[in-house]
Amino acid sequence: PSQAPVIFTLILISTVFALMSDFGQGSPLLRNLLILDPFKLVVDLSSVEGRWQGLIEMLAMGEVWRVISPDFIHFSVMHITFNVLMLWVLGGRLEIQKGTLSFIALTIFVSIISNVAQLLETGYLFGGLSGVVYGLVGYCWLWKRFQPKIFFPGVLMKFSVIWLMLGYTPLTEWLGWGRMANAAHLYGLLAGLLWGGVTLFVNESVLRKKPSNKKT
């Protein structure tokens, strides 16, 4: 916890909320974690425009936490186990290497992008840390190419892409795993790559501007 406090906090909150909401089976807590509360809205949530309008209304009510809170909803023991394991493997070392504030910024950016994308594609009933996990995959994969010290097993990108593609097939439903949050996965990955690209550019720009200590 002292080395990676954000990772520890995310895992702790996810576990507590999963138990308190009976793994997404329904409770007042679940309504407060969903990106939208349908009982507070009068818009047509069956359309993209309606869901977008609903999100704007929820934010206008001051419930800004909803763009992040779906991360803490999990629908089974396997769901939360896989997510927190991947979060620990990638995020734990990354937070130590990049620092807590940098990791918080990455997590919030990826979380907002992936959750809003999933809302607009399928609706408000979704959850999980997998969007954030995919963001970490994209970020670490890109940084690893320029800074070898970043921890990232090369096979993980291949696995993530294959799993992303399988999510767009009926296979996961046939196996009884339910529907995947494909938009959260895809846009989480893209958001991680984008954040990685921007931070790499900023990092290289700062290094180029540093004065040299060599004597001429």
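Leaving aside its neighbours within four places in sequence, which residues is S130 in contact with? Here are some notes to read beside the model.

1. S130 is in contact with N83 and H185, once neighbours within four places in sequence are left aside; contact means heavy atoms within 4.5 Å. S130 is found in helix α6, helices being DSSP runs (H or I, at least four residues) numbered from the N terminus. The residue is buried, with a relative accessible area of 11%, where buried means under 20% relative accessible area (1.4 Å probe, protein chains only).

2. A word on the ground rules: this is a predicted model, in which local features need pLDDT of at least 70 and side-chain atom pairs count only at pLDDT 80 or more, while totals for chains, interfaces and linings use all residues. Residues are numbered from 1 along each chain as its sequence is written, and side-chain values use heavy atoms, with hydrogens and water left out.

3. Now to the largest nonpolar core, which has 34 residues. Such a core is a set of buried Ala, Val, Leu, Ile, Met, Phe, Trp, Tyr and Cys residues joined through side-chain atoms within 4.5 Å. Its members that touch the most others are L87, L90, L94, L136, V137, C140 and F152. At least two residues each come from α1 (5-20), α4 (77-98), α5 (100-122), α6 (130-144), α7 (155-167) and α9 (182-209). Helix α6 gives the most, with nine residues.

4. V137 is worth a look on your screen. Not counting residues up to four places away in sequence, V137 touches L90, F152, L156, M157, S160 and L189. S160, in turn, is found in helix α7 and is buried, with a relative accessible area of 6%. Leaving aside neighbours within four places in sequence, S160 is in contact with Y134 and V137.

5. Helix α3 (residues 48-60) packs with α5 at an angle of about 140°, their axes 8 Å apart. Axes are lines fitted to C-alpha atoms over the stretch in contact, and angles run from 0 to 180 degrees between N-to-C directions. V48, R51, W52 and L55 of α3 meet V116, L119, L120, E121 and T122 of α5.

6. Finally, α9 has 28 residues. Among its buried residues are H185, G188, L189 and L200. The buried residues of α9 pack against α5, α6 and α7.

Conventions:
Buried means under 20% relative accessible area, exposed over 50%, partly exposed in between (1.4 Å probe, protein chains only). The expected span of a helix is 1.5 Å times one less than its number of residues.
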